[in-house]
Amino acid sequence: MTQAPRELTVGVGAGGLATADMVLNIGPQHPATHGVLRLRITLDGERVLKAEPIVGYMHRGAEKLFEVRDYRQILVLANRHDWLSAFSNEIGLVLAVERMLGMDVPERATWTRTLMAELNRVLNHLMFLGSYPLELGAITPIFYAFREREDLQAVMEEISGGRMHYMFNRVGGLRDDLPSGWLGRVEATIAQVRRRLPDLESLIVGNEILHARTRGVGVLDVGVVTSYGVSGPIARASGLDIDLRRDQPYLAYDEVFGADGPGRVVTRTGGDCQARLEVLLEQVHVSLDIAEYCVQRLGSLERGPVNVKLPKVLKVPEGADYVATENPLGMNGYYLVSRGEKTPWRLKLRSASFNNVAVLGELLEGTLLADMVAILGSMFFVVGDIDK
Amino acid sequence: MAGSKKRGRSLVPGLMKGMATTARTMTRPAHTQQYPDVKPDLPPRSRGVIALLAENCTSCMLCARECPDWCIYIDSHKETIPAGPEGGRDRQQNVLDRFAIDFSLCMYCGICIEVCPFDALFWSPEFEYAELDIRDLLHEKDRLGEWMPTVPPPPALTAGAPEATEVAAANKPARTPRTRTGPAAAGGPDAAATAASPPARPPERPPAADDGTAP
């Protein structure tokens with residue numbers, strides 16, 4: 001890539017030639033961005049001089065709304081900020097409340113939560129594995145990704161009743177017990193998805209055009225990753241070996257990422273768009289392994305409840321706690337401050353996409369405009385998760 | 001050029017592979033659903049629409065209060081039921097005038113159904129109630145009642161689930177009257193002892209049948 005400054009002729013025919021930097025607004029409503037993220041890009045010809053993500057077009061005041069709702073009602077909102085990882089969002093909140101209450105959650109609930117969190121992770125990653133090639137101009141992969149998503153959503157719907165917003169967690173466990181035969185259907189679906197995944201895989205990683213668009217494009221180095229607080233698959237694609245499921249185990253991840261568990265942390269060192277995509281793809285495999293392990297563990301657990309009996313009015317004792325979980329897109333944290341009321345006094349939300357998008361300004365500088373969409377898509381964000 | 005030669009070589013197997021995939025896919029049935037002709041097979045827990053069994057509703061307003069976005073509207077008035085023939089007293093009863101759910105606001109969380117103490121609200125998997133005008137999404141009492149026949153029975157639970165509270169209560173061995181010295185054991189015959197706990201007992205251990213889940 002040559003960095004030599006070039007001149008762009010803006011107006012021809014008026015007699016003189018004028019060159020100027022051009023300010024280009026990508027979004028807030030733009031087909032190449034998902035949701036309403038606005039990028040203000042200063043261009044010198046084809047080259048991006050400066051890029052500034054402008055957020056806030058989808059701000060819904062979620063944190064303020066949390067303060068006037070009890071903990072069950074908060075779940076409704078909490079699973080919506082990142083609509084592709086609804087189950088993981090619920091988990092962070094209930095874990096925070098349970099820890100402050102000092103509540104013991106039944107083992108079957110913990111394993112079911114782990115199973116569903118991993119299925120949710122697969123669903124999330126499949127979405128991006130389908131939509132990212134779409135942004136690069138390949139239409140086919142999304143059909144394959146959605147075929148797998150449909151099957152996984154069917155089992156999620158069977159247990160929770162929802163396809164995206166599960167509302168299946170409750171403080172102290174789960175809303176309902178598992179339907180009869182559900183574990184078998186989960187296992188069959190996992191096997192089916194795993195069998196058909198090579199179709200999607202060969203379309204994505206085996207594709208020469210996709211390689212050309214992604215290899216060496218948008219390289220994010222570890223220093224930038226740590227200084228911006230980037231997390232999740234994007235951080236791991238840059239070689240940062242960090243995963244809260246292993247480093248700060250919650251739910252049943254202690255065992256899953258233990259010596260003989262199927263869990264492992266996927267990392268790459270490239271830091272480019274291709275590395276990010278590969279991390280996502282491999283995480284799908286790992287998550288399917290973990291989900292299968294959970295199904296087996298659930299089958300061998302002895303009879304027991306999946307929730308605990310709650311008081312009519314649930315009040316969290318005074319104090320503060322911070323619980324972070326490894327959401328599909330990165331670290332998702334809830335800082336819960338309670339003053340002993342039935343609503344939190346403050347519930348701060350640390351969402352993954354906000355930090356992951358903040359780095360765009362650094363990342364897009366000096367790249368070509370044509371690569372902008374490739375880089376933007378590879379940051380794997382959900383706009384609702386940025387604006388909250 | 002070495003690059004183009006390599007590309008030329010990889011073109012043929014690549015093409016063959018592509019054709020093989022096409023041929024394989026051709027023999028398989030389509031994965032898509034023929035939606036308007038073939039209805040999707042939705043699980044019983046599917047959250048499609050909320051059905052109201054108005055007879056069970058006591059207008060206690062719990063659902064309206066617990067709704068995270070306050071999309072349930074309830075109006076009721078009190079009616080007096082005159083005393084029965086053999087010298088009772090007049091009773092007051094809530095009569096439901098209006099029960100409406102605004103599905104343009106509803107977030108489909110299911111909290112109203114969960115909190116209803118009298119089993120008046122149910123999920124139904126029906127989903128075909130889109131409207132051209134958003135105001136028509138406000139379903140009144142009779143419209144909500146029309147969904148009632150579509151409510152499926154709840155699915156059977158997995159073997160690992162604890163037995164239902166009703167079953168646990170029914171299987172509990174009958175309690176023998178306590179042989180206590182002092183005042184005679186309340187209840188006397190053991191048939192009465194299993195039916196309901198005496199009011200003096202601590203609230204943690206009522207027989208499972210009367211904790212509200214089994215009216």
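Which ring does the charged end of Arg149(A) sit over? That ring belongs to Phe146(A), with its centre 5.3 Å away. (A charge sits over a ring if NZ of Lys or CZ of Arg is within 6 Å of the ring centre and within 35 degrees of the ring normal.)

This is a predicted model, where local features need pLDDT of at least 70, side-chain atom pairs count only at pLDDT 80 or more, and totals for chains, interfaces and linings use all residues. Residues are numbered from 1 along each chain as its sequence is written, chains are lettered from A and ligands numbered from 1 in the order in which they are written, and side-chain values use heavy atoms, leaving out hydrogens and water.

**View 1. Cys67(B) is buried.** Its relative accessible area is 7% (buried means under 20%, exposed over 50%, partly exposed in between, using a 1.4 Å probe and protein chains only). Leaving aside neighbours within four places in sequence, Cys67(B) is in contact (heavy atoms within 4.5 Å) with Gln73(A) and Ile72(B).

**View 2. Cys112(B) is buried too.** Here the relative accessible area is 8%. Beyond neighbours within four places in sequence, Cys112(B) touches Ile50(B), Cys63(B), Ile72(B) and Leu121(B).

**View 3. Arg245(A) lies over the face of Tyr253(A).** The distance to the ring centre is 5.9 Å.
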